[in-house]
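Thank you all for making time this morning. I would like to walk you slowly through one structure, so please have the sequence and the coordinates open while I speak.

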Amino acid sequence: MKSFLQSLLLLIVAISSNALADEPFPAHKIAGHTYYVGSKALATYLITTPEGHIVINSSFDETVPLIRASIESLGFKMTDVKIILASHAHSDHVEGHAALKELTGAKVFVMQGDDAVISSGGVGQYLYQDSRWRPCAVDRVLKDGDEVKLGGTTLIARSTPGHTRGCTTWTWRESEDGKPLEVVVIGSPNVNPGYRLVGNQDYPTIAKDYAKTFDVLLKLRCDIFLGAHGDYYGMLAKYDRLKANEKANPFIDPEGYRAYVELKQKAFQKNLADQQAASQ
């Protein structure tokens, strides 16, 4: 019964994510050369450079046309997208990779641990073993601290595993009014329903990986707080403030970043303690 209820919950979550995947959201500038081009629930980011552009996350197949419309609404061309990145290898962030790669001709770079999952179309995921998508060739396998450079912009790939083995937090430097700003796109610090942190034979290091992730996230400097889903950083409310033409950039939120990471760390620690107690 417990297994059935967990499977049912996962199905409901997947259906909800798909329903929101095709709900458009206005493309908007975050700061400097960084833009939001995702749907209402699934975050996709565009970083523009003189030598081409970088996209983080393709979301679902049906989200790709929305991403295209958003990018073109900002005056940029899809054929100028040169690199496709990801936050983590779950279908709601990478299912559209193959379609986006075909549309743009871009190279796909993936963190070690998620590379085989993306190139196989979902094979090898922890927990979501029935989730499949069209395989996408991976052009470069990344390691922690690797740099992705294009047109004078350098993104740093930080390995933040747990949510997936290759979950990646992206950082880079932007500027606004001559002031340097550190951008952080959190891969995911969430422990999903059904995740086993104790006695997990499919992913034995999952608890240690999560602990490492929080250690990394808490040490990062963050001025602009972003994430794999807009609700990580309160995108809807911040976009409303952006439309209201507030003087201060609403996406500059170092306090919000730290509060979010600490909140998720406590949730992980409680989940781990509860599972440890239950296993005894």
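Let me begin with a cysteine, namely Cys222, which is buried, with a relative accessible area of 6%. Cys222 takes part in no disulfide, and the nearest cysteine sulfur, which belongs to Cys167, is 15 Å away. Cys167 counts as buried because its relative accessibility is 0%. Since a disulfide calls for two cysteine sulfur atoms within 2.5 Å, the 15 Å that separates Cys167 from the sulfur of Cys222 leaves Cys167 in no disulfide. For the structure as a whole, the number of disulfides is zero.

The protein chain has a mean pLDDT of 93, and 92% of its residues reach 70 or more. Where does pLDDT stay under 50? That is the case over residues 1-17, and for this stretch the model has eight contacts beyond four places in sequence. Where pLDDT is low, the predicted coordinates should not be read in detail.

Now to the aromatic side chains. Searching the whole structure gives 14 aromatic pairs. One of them joins Phe225 and Tyr257, whose ring centres are 5.6 Å apart and whose planes stand at 80°, so this pair is edge-to-face. Phe225 belongs to strand 12, residues 224-227, while Tyr257 belongs to helix 8, residues 254-279, so the pair ties together parts that are 32 residues apart in sequence. Are these two residues buried or exposed? Phe225 is buried, with a relative accessible area of 2%, and Tyr257 also counts as buried, at 4% relative accessibility. Both residues belong to one aromatic cluster, which is formed by Phe225, Tyr232, Tyr233, Phe251, Tyr257 and Tyr260.

The charged end of Arg165 sits over the ring of Tyr203, at 4.5 Å from its centre. Arg140, in turn, lies over the face of Phe109, 5.4 Å from the ring centre.

That brings me to the salt bridges, of which a search of the whole structure finds 14. The side chains of Glu102 and Arg134 form one of these, with nitrogen and oxygen 2.8 Å apart. This pair links distant parts of the chain, for Glu102 lies in helix 4, residues 97-104, and Arg134 lies in the loop between helix 5 (115-120) and strand 7 (140-142), 32 residues apart. Glu102 is exposed, with a relative accessible area of 60%, whereas Arg134 is partly exposed, at 37%.

A second salt bridge to look at is the one between Lys219 and Asp215, where the closest N and O atoms are 3.3 Å apart. Here both residues lie in helix 6, residues 206-219, and they are four residues apart, which is about one turn of the helix. Lys219 counts as exposed at 63% relative accessibility, while Asp215 counts as partly exposed at 40%. In another salt bridge, the side chains of Arg241 and Glu246 meet at 3.2 Å, N to O. Arg241 is partly exposed, with 34% relative accessibility, and Glu246 is partly exposed as well, with 39%.

Let me turn to some residues in loops. Asn57 is found in the loop between strand 4 (52-56) and helix 2 (64-73). What is the phi of Asn57? The angle is near 80°, a positive value in a residue other than glycine. Asn57 counts as buried, because its relative accessibility is 0%. Leu127, in the loop between helix 5 and strand 7, has a positive phi too, of about 75°, although it is not a glycine. Leu127 counts as partly exposed, at 27% relative accessibility.

Pro204 is exposed, with a relative accessible area of 64%. From Pro204 to Gly151 the separation is 53 residues in sequence and 40 Å in space, taken from C-alpha to C-alpha.

That is the end of my walk through the model, and I am glad to go back to any of these places with you.

Methods
Residues are numbered from 1 along each chain as its sequence is written. Side-chain values use heavy atoms; hydrogens and water are left out. Buried means under 20% relative accessible area, exposed over 50%, partly exposed in between (1.4 Å probe, protein chains only). Rings of Phe, Tyr and Trp (its six-membered ring) pair if their centres lie within 6.5 Å; planes under 30 degrees apart count as stacked, over 60 as edge-to-face and the rest as tilted. Helices (H or I, at least four residues) and strands (E, at least two) are DSSP runs, numbered from the N terminus. A charge sits over a ring if NZ of Lys or CZ of Arg is within 6 Å of the ring centre and within 35 degrees of the ring normal. A salt bridge is a side-chain nitrogen of Lys or Arg within 4 Å of a carboxyl oxygen of Asp or Glu. pLDDT is the predictor's confidence in each residue, from 0 to 100. Contact means heavy atoms within 4.5 Å.
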